[in-house]
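Open the model in your viewer and keep the selection tool ready. The tour moves from stop to stop.

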Amino acid sequence: MTPPHGEIPSQVAAEWARRRPPPGDEAPTPPAPPPAPTALVLGDPAPHLPRALARTGYAVTRWLRHLTRGQLCSPWPPPGPFGEVWVRMPRSSQEAVMLLHAAAARVGGGARIHLYGARNEGIRSAARHFPEGTEPPVTLLIKRRCRVLATTRRAPPPRPDALDSWEIRAPVDWGAGPRDWIFYPGVFACGRLDPATALLIDCIPALPTGTRLLDFGAGTGVVAAAALERAGHGTQAVLLERDAISLVAASRNLPGANLVLGRRVAALPGPFDLIVSNPPIHAGSAQNLHTVEELVREAPGVLAPGGRLMVVAQRRLPVPRILERTFPLMNTIADRESFRVWEAGRRRH
Ligand SMILES: C[S@@+](CC[C@H](N)C(=O)[O-])C[C@H]1O[C@@H](n2cnc3c(N)ncnc32)[C@H](O)[C@@H]1O
């Protein structure tokens, strides 16, 4: 069976890890110390590489920023030190720079840092992302449009080893004047307001006193912040997000907000009067509506009687069909450029 596309880089990296001699068998090249048999894998939810490393004698630690079924996640990798680090090529170059820097801060002098990913993820031009203090990377393996690169750390990387040193501040204006907004590499719409998000914000009405609001896939908190600005006294907002780093940004942008690291609305106590979402549509390079379908399926269980779900997405997507399967009432409430906002509920209000 062909594996899902996102898993191929991990399989290729696993092949390299299986092929090389077990730890301790490598000819030591003085003055580098022999590699400790510990390995850290950053940002790879697939099991292939960690399994291959474990089978070849390494004690493996994994770190993920996104909550993934059956795995822990956190905003920053554990401190180590580790004998070597493997970094799965992330989607954004800024994030690749941040992760390789974090990798270099987790190994000693002479240790290896690997980066692996697919051609369509930018692995061919990724050598520029390695931090100062590392040697020019070499390509260990090219296979199935994927590469495994490796470098050796020579000196500590330049920035302090903390998420704070990667904070990005940029003005964001959703119609009430520019705000200083905090982002980190790899968060959605880093440094800007996404046009679909802006359209959704334009549709959020003034919320009556006491409204209970849920922002599903809250990112850095921009939709919830705009909604709260229009809300009466006592409005409670819950921000649900699966990316631990986005939630750190949201905690800085909306101090005191009710943030939940999670993946499913069904796990929330509810009830909510309004659920708003600019949901994730893409997983890797393939279009994937699974999260929207799950949100729509589970929303009635946490909506108050008369509650509504408001979703923005590209107009070409079959979101109305998905909403109509669950909700008897569904309307298009905005249409701009390539985006639409739909509102769904069980009763008229
Ligand atoms: C299109 S972005 C929107 C972010 C933010 N609401 C905005 O408009 O700027 C979708 C967000 O949903 C998050 N996400 C993806 N799957 C999720 C899930 N199952 N549960 C919660 N959040 C999820 C992503 O990490 C991402 O931050």
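Select Glu-337. Glu-337 counts as exposed because it has 10 C-beta neighbours inside 10 Å; the cut-offs are 12 or fewer other C-beta atoms within 10 Å for exposed, 20 or more for buried, and partly exposed in between, with C-beta atoms placed from the backbone. Its phi is near 50°, positive in a residue other than glycine. Glu-337 sits in the loop between strand E16 (329-336) and strand E17 (339-345).

A note on the source: this is a predicted model, in which local features need pLDDT of at least 70 and side-chain atom pairs count only at pLDDT 80 or more, while totals for chains, interfaces and linings use all residues. Residues are numbered from 1 along each chain as its sequence is written.

Next, Arg-145. Its phi is positive too, about 65°, and it is not a glycine. Look for Arg-145 in the loop between strand E5 (138-143) and strand E6 (146-152). Arg-145 is partly exposed, with 16 other C-beta atoms within 10 Å.

Now the cis peptide bonds. Gly-80 to Pro-81 is cis, with omega near 5°. Pro-81 is in the loop between strand E2 (59-63) and strand E3 (82-88). Gly-270 to Pro-271 is also cis, with omega near -10°.

Select residues 8-19 and 48-55, helices H1 and H2. Their axes are 7 Å apart, at an angle of about 10° (axes are lines fitted to C-alpha atoms over the stretch in contact, and angles run from 0 to 180 degrees between N-to-C directions). H1 and H2 are therefore roughly parallel, the term for angles under 35 degrees. Show the contact residues, with C-beta atoms within 7 Å: Ala-13, Ala-14 and Ala-17 are among those in H1, and Leu-49, Ala-52 and Leu-53 are among those in H2.

Move to helix H6, residues 244-253. Seven of its ten residues are buried, including Ile-245, Leu-247, Val-248 and Asn-253. The buried residues pack against strand E8 (179-183), helix H5 (222-229), strand E10 (236-241) and strand E11 (258-261).

Which residues come nearest to the ligand? They are Thr-197, Gly-217, Gly-219, Asn-278 and Pro-280, out of 19 around it (C-beta atom within 6 Å). H5 and E10 are the elements that give two or more residues to this shell.

Finally, zoom out. The chain holds eight helices and 17 strands, which are DSSP runs of at least four residues (H or I) and at least two (E), numbered from the N terminus. Of its 349 residues, 42% count as buried.

How values were computed
Two residues are in contact if their C-beta atoms, placed from the backbone, lie within 7 Å. Angles under 35 degrees count as roughly parallel, over 145 as roughly antiparallel, 65 to 115 as roughly perpendicular and the rest as oblique.
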